Amino acid sequence: MSLTLSKAFSSLKRQVYYDSITGLLSKEGLMERMRELATQEEQNLWKGLILISLDNVNEINNTLGYKQGESLLREFVKRLLETVPVNALLARINDSEFAICYPYSFEHKICSLEIKKYIDIFSSLSSDEGEHLLFVGNIGFVNGEFDDKALNDNLRNASVALAAARKKGSGAYEVYHPDMMTIAVNNTRMLTNLNQAMTNNEFLVYFQPIVKLEDSSVIGAEALIRWNSKVYGMVAPYIFIPLAEESGLILSIGRWVLHESCRQLSEKIKAGWPADFELHINVSVRQLMQPDFYGYITTVLDEFNLSPKNLTLEITESLIMESNPVI
């Protein structure tokens, strides 16, 4: 019985401390290994932490299947192991993120050239036809000494830097600095309030006239959303729209803008505005990619007895920059 319990405990410990697919340390295993090295006085301080994300793991698994996805993941890990320096610790923190803790004994400065080695792994992995990258991702880096007790804080900071890197696009990296955490905390607080803005009726739509230069006549208008927050006051779109995009709230907000703008236009036409008055509404990337987007537009137009000629959708520049096939 004692032998059986010992084997069961060893098996359970293996499951907790190691990733079953890659064989790498898990987050718990990384923490335990760092504690062991500190206790043995082999490695008390670490020089820096690199956090690597694979942002399309789910897409690869869904399109190629989990078996092929896991095979590609192991190949990616193989490249990582060939790149990390001696005595560094490599761990799979979650399904899509890997942490690399650099030993204090690492003799070189961890700079852009060192980080580029990991970015290059993305470009070295391609499909069988060599047409596109199989894995895309970003890197967050925390520079500075830390010990095993500060691992969680450094992982959190690296995650904040990683989020900033994602805003640059795939294959980018960011070095953490304290201002990032301040911004992240403020954004989280604002996002909490933004999530309640529609329920609290805090959004407003204004019409900005579109004037015909030849005779100075108003031929249309652009619908502009404003957020009159109970906490922050009037918030400019350039502040809250990016938060809405990142969180996915832009879908519900975009639908509200379309519905409210068409409602107001319908009332204005009934009050005497020209029947062919043209309303311009900005459309986000996420909205345009929704399969029911066209149906929702036609439903709203029918609800307020408007013609398709009354509505002009303006595609944001970010969609064009992405060269998305939906275009």
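Cys101 has 0% relative accessibility, so this cysteine counts as buried (under 20% relative accessible area; exposed is over 50% and partly exposed in between, with a 1.4 Å probe and protein chains only). The model is predicted, so local features need pLDDT of at least 70 and side-chain atom pairs pLDDT 80 or more, while totals for chains, interfaces and linings use all residues. Residues are numbered from 1 along each chain as its sequence is written, and side-chain values use heavy atoms, without hydrogens and water.

**Cysteines**
- Cys111 counts as partly exposed because its relative accessibility is 30%.
- The whole structure has 0 disulfides (pairs of cysteine sulfur atoms within 2.5 Å).

**Aromatic pairs**
- Rings of Phe, Tyr and Trp (its six-membered ring) pair if their centres lie within 6.5 Å; planes under 30 degrees apart are stacked, over 60 edge-to-face and the rest tilted.
- The count is 10 aromatic pairs.
- Phe76 and Phe135 are edge-to-face because their planes stand at 65°, with ring centres 5.7 Å apart.
- This pair links distant parts of the chain, 59 residues apart: Phe76 is in helix α4 (residues 66–83) and Phe135 in the loop between α5 (112–124) and β4 (139–146).
- Helices (H or I, at least four residues) and strands (E, at least two) are DSSP runs, numbered from the N terminus.
- Phe76 and Phe135 are both buried.
- Trp227 and Phe240 also form an edge-to-face pair, at 5.7 Å between centres and 75° between planes.
- Both Trp227 and Phe240 are buried.

**Cluster and charge**
- One aromatic cluster is made up of Phe203, Trp227, Tyr232, Phe240 and Trp256.
- Arg255 lies over the face of Tyr296, 4.4 Å from the ring centre (NZ of Lys or CZ of Arg within 6 Å of the ring centre and within 35 degrees of the ring normal).
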